[in-house]
Amino acid sequence: MAKKALILDPSEYDLNRVIADIEEIRRYNPQRYEMEQLTAIVYEDPERGICVGYKDLGPDEFWIRGHMPGMPIMPGVIMCEAAAQLASYYTKKYKLMDAEMIGFAGLEDVRFRGVVRPGERFVIVAKMLRVRATLMSCQFQCFVRENLVCEGVIKGIPLPVESLRSGT
């Protein structure tokens with residue numbers, strides 16, 4: 001079987017060289033508390049549209065108690081949420097869309113290839129594929145150490161923040 005093509009060779013980024021910590025991420029992403037799925041950003045390449053970030057999984061993640069009892073593993077939907085948050089951070093930081101907030105628009109070709117456990121570092125590599133005023137798409141690959149555990153394409157749309165706040 002052919003080896004999977006990587007978005008970015010791991011030798012091109014350093015997980016110990018944080019360029020955006022949680023406070024910087026919060027400038028761009030609205031998620032807080034248990035829904036924050038990024039710990040740090042370690043690589044950005046605006047010319048190639050690539051970003052790398054990670055989430056350090058602690059012993060108190062909200063999903064540990066119930067997914068799965070006695071053998072906690074990170075839910076696939078949370079893996080996709082982490083990728084979405086990385087794509088949103090990058091899109092907003094580089095003003096690729098005129099949007100106060102970016103929401104999920106869809107997922108394509110998502111595959112889960114391994115398990116992720118508490119205590120591990122979940123690394124996400126994302127590459128912008130297409131950005132328009134009303135839709136962005138981004139390829140992502142997620143790793144634990146050198147192992148590919150999740151991949152796919154995520155899509156995002158600008159959310160109508162004012163109408164959501166007012167309930168209309």
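**Salt bridges and fold of the chain**

Trainee: The side chains of Arg-145 and Glu-120 meet in a salt bridge with an N to O distance of 3.4 Å, in what is a predicted model. How many residues apart in sequence are the parts that this pair ties together?

Mentor: Arg-145 belongs to the loop between strand S5 (136–144) and S6, whereas Glu-120 belongs to the loop between S3 and S4. The pair therefore ties together two parts of the chain whose separation in sequence is 25 residues.

Trainee: Which strands hold Arg-121 and Asp-56?

Mentor: The side chains of these two residues, Arg-121 and Asp-56, meet in a salt bridge at 2.7 Å, N to O. The pair ties together parts that are 65 residues apart in sequence, because Arg-121 lies at residues 121–131 and Asp-56 at residues 50–56, that is, in strands S4 and S2 respectively. Both residues count as partly exposed, Arg-121 at 27% relative accessibility and Asp-56 at 32%. The strands asked for are thus S4 for Arg-121 and S2 for Asp-56.

Trainee: What is the relative accessible area of Glu-151?

Mentor: Glu-151 and Arg-113 meet through their side chains in a salt bridge of 2.4 Å, N to O. This pair links distant parts of the chain, 38 residues apart, with Arg-113 in the loop between strand S3 (102–112) and S4 and Glu-151 in strand S6. Arg-113 is partly exposed, with a relative accessible area of 46%. Glu-151, by contrast, is buried, and its relative accessible area is 5%.

Trainee: Leaving aside neighbours within four places in sequence, with which residues is Leu-148 in contact?

Mentor: Leu-148 lies in strand S6, which covers residues 147–158, and is buried at a relative accessible area of 17%. Between Leu-148 and Gly-114 there are 7.0 Å from C-alpha to C-alpha, although the two are 34 residues apart in sequence. With neighbours within four places set aside, the contacts of Leu-148 are Lys-4, Arg-113, Gly-114, Gln-141, Cys-142 and Phe-143.

Trainee: In what order do the elements of the protein chain run from the N terminus on?

Mentor: The protein chain contains three helices and six strands. Read from the N terminus on, these elements run α-β-β-α-β-β-β-β-α.

Trainee: What radius of gyration does the protein chain have?

Mentor: Along its principal axes, the C-alpha trace spans about 45 × 35 × 30 Å, and 45% of the 168 residues count as buried. Among contacts with a separation of 6 or more, 65% are between residues 24 or more positions apart. A compact globule of 168 residues would have a radius of gyration near 15 Å, which agrees with the value for the protein chain, 16 Å.

Trainee: How far apart do the centres of the positive and negative side chains lie?

Mentor: The accessible surface of the protein chain comes to about 9,300 Å², and 52% of this belongs to carbon and sulfur atoms. The chain has 22 positive and 23 negative side chains, and the distance between the centres of the two sets is 4 Å.

Key. Residues are numbered from 1 along each chain as its sequence is written. This is a predicted model: local features need pLDDT of at least 70, side-chain atom pairs count only at pLDDT 80 or more; totals for chains, interfaces and linings use all residues. Side-chain values use heavy atoms; hydrogens and water are left out. Helices (H or I, at least four residues) and strands (E, at least two) are DSSP runs, numbered from the N terminus. The radius of gyration is taken over C-alpha atoms; the globule rule is 2.2 Å times the number of residues to the power 0.38. Buried means under 20% relative accessible area, exposed over 50%, partly exposed in between (1.4 Å probe, protein chains only). Contact means heavy atoms within 4.5 Å. Accessible areas come from the Shrake-Rupley method with a 1.4 Å probe; for residues, only the protein chains shown count as cover. Lys and Arg count as positive and Asp and Glu as negative; His and the chain ends are not counted. The place of a charge is taken as NZ of Lys, CZ of Arg, CG of Asp or CD of Glu. A salt bridge is a side-chain nitrogen of Lys or Arg within 4 Å of a carboxyl oxygen of Asp or Glu.
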